Amino acid sequence: MMMRMGAVMRKVVCLLAWLSVGQVSGSYLPQDMNRTLQDLLQHYKISKSDIYDGKHVFPKEELKGKMESQMLFMGGVLEAYDKLFGHMLKGLPTPSPLSATSGDKADTSGPSTTEPSAAGDTRFNLIKVLQKIRELKRHSYQEQLKVLHGLQKLKHIEMDNIKVQGKALWELPWIYEKANSLADNVMRRRRRRRRQTRTGLAREPERRAKGQQ
């Protein structure tokens, strides 16, 4: 049990560090969110050897592909953070009746800032960051999350069900047609972009000459 808790703790700290690494670029991570993450890292402490062991919870290699693939992967990352923070909140001591909100709303609206315990501060900070994550998901990753949820449904297909197998065979012709059509459209779009790029480069000397007149 203790080993399992230790593994969870390492994941939590690595995730928080992964989130706060955005301060390097300095463009998108708000200062108050960064401060909140630093406070949380004081609560979820692990050794530096665990933090810098080279094993990322979310491999950064996945963020070096095409933009569409990066957006889809990042949507999954934000969804994973949402679920993780839910587990972290459940792992904290139950807030006192004075600061707890009614029903499930406690997970989103958070306790009163007057909660005196350290667990209360941690709960409040977790909820602050969780709200930022959900806001980012809602404003920028709705389409990607729809795709991810659709992919999750595919995991529950009853592969051994004869009815499912038969219906899948009936549906395969239009699915195969659609899959090829999508791939073909993507290839055409890429060719069009390459032609436009070459055309733009070819006309660049002409534009420069006109500018010098």
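The following exercises, each with a worked solution, concern a predicted model of a protein chain.

**Exercise 1. Confidence along the chain**

Determine the mean pLDDT of the protein chain, and find where pLDDT stays under 50 over residues 21-25 and what contacts the model has there.

Solution. The mean pLDDT of the protein chain is 78. A value of 70 or more is reached by 69% of its residues. For residues 21-25, where pLDDT stays under 50, the model has five contacts beyond four places in sequence. Residues 101-116 also have pLDDT below 50, and this stretch has 27 contacts in the model beyond near neighbours in sequence.

**Exercise 2. The setting of Val129**

State in which helix Val129 is found, and decide whether Val129 is buried or exposed.

Solution. Val129 is found in helix H6, which covers residues 118-140. The relative accessible area of Val129 is 1%. Buried means under 20%, so Val129 is buried. Asp32 lies 97 residues from Val129 along the chain, and the C-alpha atoms of the two residues are separated by 9.8 Å.

**Exercise 3. The pair H4 and H7**

Describe how the axes of helix H4 and helix H7 are arranged, and name residues that meet.

Solution. Two packed helices are described by the angle between their axes and the distance between the axes. Helix H4 spans residues 67-90 and helix H7 residues 142-154. Their axes come within 9 Å and cross at roughly 75°. Angles of 65 to 115 degrees count as roughly perpendicular, and H4 and H7 are therefore roughly perpendicular to each other. On the H4 side, the residues include Met71, Leu72 and Glu79; on the H7 side, they include Leu145, Val147 and His149. By class, this contact has five nonpolar, five polar and two charged residues.

Key:
Residues are numbered from 1 along each chain as its sequence is written. This is a predicted model: local features need pLDDT of at least 70, side-chain atom pairs count only at pLDDT 80 or more; totals for chains, interfaces and linings use all residues. Side-chain values use heavy atoms; hydrogens and water are left out. Helices (H or I, at least four residues) and strands (E, at least two) are DSSP runs, numbered from the N terminus. Buried means under 20% relative accessible area, exposed over 50%, partly exposed in between (1.4 Å probe, protein chains only). pLDDT is the predictor's confidence in each residue, from 0 to 100. Contact means heavy atoms within 4.5 Å. Axes are lines fitted to C-alpha atoms, for helices over the stretch in contact, and angles run from 0 to 180 degrees between N-to-C directions. Angles under 35 degrees count as roughly parallel, over 145 as roughly antiparallel, 65 to 115 as roughly perpendicular and the rest as oblique. Ala, Val, Leu, Ile, Met, Phe, Trp, Tyr, Cys and Pro count as nonpolar, Asp, Glu, Lys and Arg as charged, and the others, Gly among them, as polar.
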